[in-house]
Amino acid sequence: MPELPEVEVVRRGLARWVAHRTIADAEVLHPRAVRRHVPGPDDFTQRLKGHPIGSPCRRGKYLWLPLEDTDESVLAHLGMSGQLLVQPHETPDEKHLRIRVRFADALGTELRFVDQRTFGGLSLHDNTPDGLPDVIAHIARDPLDPLFDDEAFHQALRRKRTTIKRALLDQSLISGVGNIYADEALWRARLHYDRPTATFTRPRTAELLGHVRDVMTAALSVGGTSFDSLYVNVNGESGYFDRSLDAYGREGLPCKRCGTPMRRRPWMNRSSCFCPKCQRPPSARVV
Ligand SMILES: [Zn+2]
């Protein structure tokens, strides 16, 4: 799944290439790609027609295109393999092209939603008074959002009977942190993923949030080099940041800090990579 930095790269690309363009028409080539739009494909295309797209928005991993002259937004679900591409009209259709959006201008490009596995899609939703599509109103702000409340996050950690990696992945507490960046931030903070959050002090929370922000900002700066071309892309399988990872995917390799072989443990249908020396488990028992 794409995480916050990858989705932000896509958002910036869309901001550059499709913001403030008026939709001429949309074409749904596979109904599954609009299955979250309950009134169906015809309603979806009819309601997009003639509306200008506003500035693309993101919260956590969620990306949406507001329709500038309405209180509605097109929410993009990228799923496992969804891509938003801005392509010249003459570029041959991608094999897994699901939705095409044409614009009422002479710029010569169109927006394409391509999705091999069709877990993703586009859907139109009413906005909340805050300008969020109503179906994601419960998603917390992400740590790169200037309005993210560090103190409220700390208090929530203290109240919750949970462990730190679960908390980092809880989208109602903090959004945009997935498995990869959680492992990276925990390694940087020298924290074991199963550490109970009730024991967190304010400085420890602040340090961890700092690492979460640093790792995301670093990933963004790497991904940020590719959005300058006429190509808006996201693909969960090919992270831009792979070369810079310190924890995720490094099972058996030496810890970059102390040289101890990194370990990987099954964790909630996924896995966690950590250094058994730098990131001691919360109990004396080594898990
Ligand atoms: Zn180590």
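Donors here are N, O and S atoms within 2.8 Å of the metal (3.2 Å for Na, K and Ca), and water is not among the atoms, so sites may look incomplete.

1. **Ground rules.** This is a predicted model, where local features need pLDDT of at least 70 and side-chain atom pairs count only at pLDDT 80 or more, while totals for chains, interfaces and linings use all residues. Residues are numbered from 1 along each chain as its sequence is written, and side-chain values use heavy atoms, with hydrogens and water left out.

2. **Zinc site.** The zinc ion has Cys255, Cys258, Cys275 and Cys278 as its protein donors, each through SG, at 2.2 to 2.4 Å. Along the chain their spacing reads C-x2-C-x16-C-x2-C. Cys255 sits in the loop between helix H6 (202-223) and strand S9 (263-267), and Cys278 in the segment after strand S10 (270-274), 23 residues apart. Helices (H or I, at least four residues) and strands (E, at least two) are DSSP runs, numbered from the N terminus.

3. **Geometry.** The arrangement is tetrahedral because the 4 donor atoms subtend angles of 102 to 115° around the zinc ion; the cut-off for four donors is that all angles lie between 85 and 135 degrees. For reference, the ideal angle for four tetrahedral donors is 109.5 degrees.

4. **Domains.** The chain splits into domain 1 (4-136) and domain 2 (150-274), with bounds from an automatic or database domain assignment. Their centres, over C-alpha atoms, are 28 Å apart.

5. **Cores.** A nonpolar core is a set of buried Ala, Val, Leu, Ile, Met, Phe, Trp, Tyr and Cys residues joined through side-chain atoms within 4.5 Å. The largest has 28 residues, and Phe153, Ile164, Leu168 and Leu208 have the most contacts inside it. H6 gives the most to this core, with 6 residues. A second, separate core of 26 residues includes Val34, Leu65, Phe103 and Leu124.

6. **Strand S7.** What about S7 (residues 109-115): how many of its residues are buried? The count is 7 of 7, so the strand is largely enclosed by the rest of the structure. Thr109, Leu111, Phe113 and Asp115 point one way, and Glu110, Arg112 and Val114 the other.

7. **Its partners.** Strands pair if DSSP finds at least two bridges between them. S7 runs antiparallel to S5 (residues 82-88) over 7 bridges, with Gly82 opposite Asp115. S6 (residues 97-103) is joined to S7 by 4 antiparallel bridges. S6 and S7 make a hairpin with 5 residues between them, and Gly108 in the turn has a positive phi of about 85°.

Definitions and conventions:
Tetrahedral: all angles 85-135°; square planar, octahedral: opposite > 155°, others 65-115°. Buried < 20%, exposed > 50% of the residue type's maximum accessible area, 1.4 Å probe, protein only.
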